[in-house]
Amino acid sequence: MPSMDVVSELEVYEVNHAVQNTTKEIATRFDFRGSEVSVSFNEKNKEIKLSAESDFQVEQVLAMLESQMIKRKVDPQVFDPQKMEASGKFMHQIIKLKDGLDSDTAKKVVKLLKENGHKVQASIQGDKVRVSDKKRDTLQTVMAFLREQQLGLPLQFNNFKD
């Protein structure tokens, strides 16, 4: 029986590249010359820390980081920006990265499939949703349907079996 997994996986190496490219772009920007601006990525906690001398600069760095993420084909929906904080003469903002389907989102996916008349079997298995049906075409329509939904997380489809 054909099946597939609906997941939300974060490609850490792509995020790392986007942070490095943002750091390079900061070094070349004229409006950041002479000011202390930094971007750091903590892979273990899946957090990006932005630091600058003003809140406007932090917002500019965040916009640059988002554009670098888009270039690296990482959906900016993975960002969970926290409140900006001041310490000394610097402004800091932590951006947590969402990785994996949480149980609420997985339940939402299953509920959406049932409510919209898709006659597929959907089961939650940890941080993924396994969808199976007798026909491969039905799974492809489910994929198209889920891509249209706004769930607050980017979805990927893997482990497609015939």
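Across which strands does helix H4 (residues 136-148) lie? In this predicted model, helix H4 lies across S1, S8 and S9, and its direction is at about 175° to that of S9.

These strands belong to an open sheet of four strands, arranged in the order S7-S8-S1-S9 with antiparallel pairing. Strand S7 (121-125) and strand S9 (156-161) form the edges of the sheet, each pairing on one side only. From one strand to the next, the twist averages 25°. Within the sheet, strand S1 (residues 3-7) and strand S8 (residues 128-132) run antiparallel and are joined by four bridges. In this pair, Asp 5 stands opposite Arg 130 in S8. A further helix, H3 (residues 103-115), lies across S7 and S8 and runs at about 175° to S7.

A separate region was examined around His 92, a residue of strand S6 (residues 90-97). His 92 has a relative accessible area of 18%, and because this value is under 20%, the residue is classed as buried. Two polar contacts of the His 92 side chain were identified: one with the side chain of Ser 51 at 2.7 Å, and another with the side chain of Ser 87 at 2.9 Å. When residues up to four places away in sequence are not counted, His 92 touches Lys 49, Leu 50, Ser 51, Lys 83, Met 84, Glu 85 and Ser 87.

Notes. Residues are numbered from 1 along each chain as its sequence is written. This is a predicted model: local features need pLDDT of at least 70, side-chain atom pairs count only at pLDDT 80 or more; totals for chains, interfaces and linings use all residues. Side-chain values use heavy atoms; hydrogens and water are left out. Helices (H or I, at least four residues) and strands (E, at least two) are DSSP runs, numbered from the N terminus. Buried means under 20% relative accessible area, exposed over 50%, partly exposed in between (1.4 Å probe, protein chains only). A polar contact is a pair of N or O atoms within 3.5 Å; within protein, one must be able to donate a hydrogen and the other to accept it, and residues adjacent in sequence count only if both atoms are side-chain atoms. Contact means heavy atoms within 4.5 Å. Two strands pair if DSSP finds at least two bridges between them. Axes are lines fitted to C-alpha atoms, for helices over the stretch in contact, and angles run from 0 to 180 degrees between N-to-C directions.
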